[in-house]
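Have the sequence and the model side by side.

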Amino acid sequence: MPNERILIVEDEEAIRELIQYNLEREGFRSSSVGTGEEAIKLAKSDQPDLMLLDLMLPGVDGLEVCRAVKRESEDIPIIMLTAKDDESDIVTGLELGADDYITKPFSPKVLVSRVKTVLRRKKSAPSPDISVLDFKYLQIFPARREVFVSGEPADLTFTEFGILKFLAERPGWVFTRSQIVDAVRGDNYAVTDRSVDFQIVGLRKKLGFCSSYIQTVRGVGYKFNE
Ligand code: CA
């Protein structure tokens, strides 16, 4: 049974109770607050294992909370709760360091499973010197910068390889374009937000049927789908 402590930040009492009920049924411990001010204070004093953070809060809003909490303690994972059409807030939140997001309305089941996934990821950060990223039809050798699709070598450019490796090291994580740019920018390569899309097109072409490993997250960015 997990007994990690989850801090729920949500101003709507009914949603807060629904989340709390479902988390506790799964063995999590939880506490909840209704304002951003309390969230920042409690994150600091209690160091929860994960924070579920509604972005639409009265007063200090969710993005402000995210910024403050990540500045104080980068290793408290944050899952944002957002409205479906808040794409720009989702992008901003991810760039501030939020780990994932769930759009409202959500099913409690999905919420619990996302909480578990993010907690699991926190414990198993990608190893920097892994020798192969091995998926069913796709193998990536970071040190040799080689990629095989169904056993056949794929001829990727420096940047395409960088993007593929970055995404594949963290399956399921959504990354914004500028996070991808930051990850792959070499000394001599000028990669911009917009050119990420262009690079992805080229990358997908070279991956053939394995292109479906790279998933577009509309309005937000990209993720590697195992
Ligand atoms: Ca709200």
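This is a predicted model. Start at D61, which caps the N-terminal end of helix 3. One of its side-chain oxygens lies 3.3 Å from the backbone nitrogen of L63.

Follow helix 3 itself, residues 62-72. Its buried residues are G62, L63, V65, C66, A68, V69 and K70. What covers them includes two helices, helix 2 (36-46) and helix 4 (87-95). Strand 3 (50-54) and strand 4 (78-83) are also part of that cover.

Now the calcium ion. Its protein donors are D11 (OD), D54 (OD) and M56 (O), at 2.1 to 2.3 Å. Along the sequence, the donor residues follow the spacing D-x42-D-x1-M.

Next, the nonpolar packing. In soluble globular proteins, nonpolar side chains tend to be buried together. Here the largest nonpolar core holds 29 residues. L138, I140, V147, L164, L167 and L207 have the most contacts inside it. Elements giving two or more residues to this core include strand 7 (138-141), strand 8 (146-149), helix 7 (177-184), helix 8 (193-207) and strand 12 (221-224). Helix 6 supplies the largest share, 6 residues.

Beyond its neighbours within four places in sequence, L164 is in contact with L138, I140, V147, L156, L203, L207, I214 and F224.

A second, separate core has 24 residues. Among them are V33, L55, L63 and Y101. L63 brings the tour back to helix 3, where this residue is buried.

Notes
Residues numbered from 1 in each chain as written. Predicted model: local features only at pLDDT ≥ 70, side-chain atom pairs only at ≥ 80, totals over all residues. Heavy atoms only, no water. Donors = N, O, S within 2.8 Å, 3.2 Å for Na, K, Ca; no water. Core = buried A, V, L, I, M, F, W, Y, C linked by side-chain atoms within 4.5 Å. Buried < 20%, exposed > 50% of the residue type's maximum accessible area, 1.4 Å probe, protein only. Helix = DSSP H or I, 4+ residues; strand = E, 2+ residues; numbered from the N terminus. Contact = heavy atoms within 4.5 Å. Polar contact = N/O pair within 3.5 Å; in protein donor to acceptor, adjacent residues only side chain to side chain.
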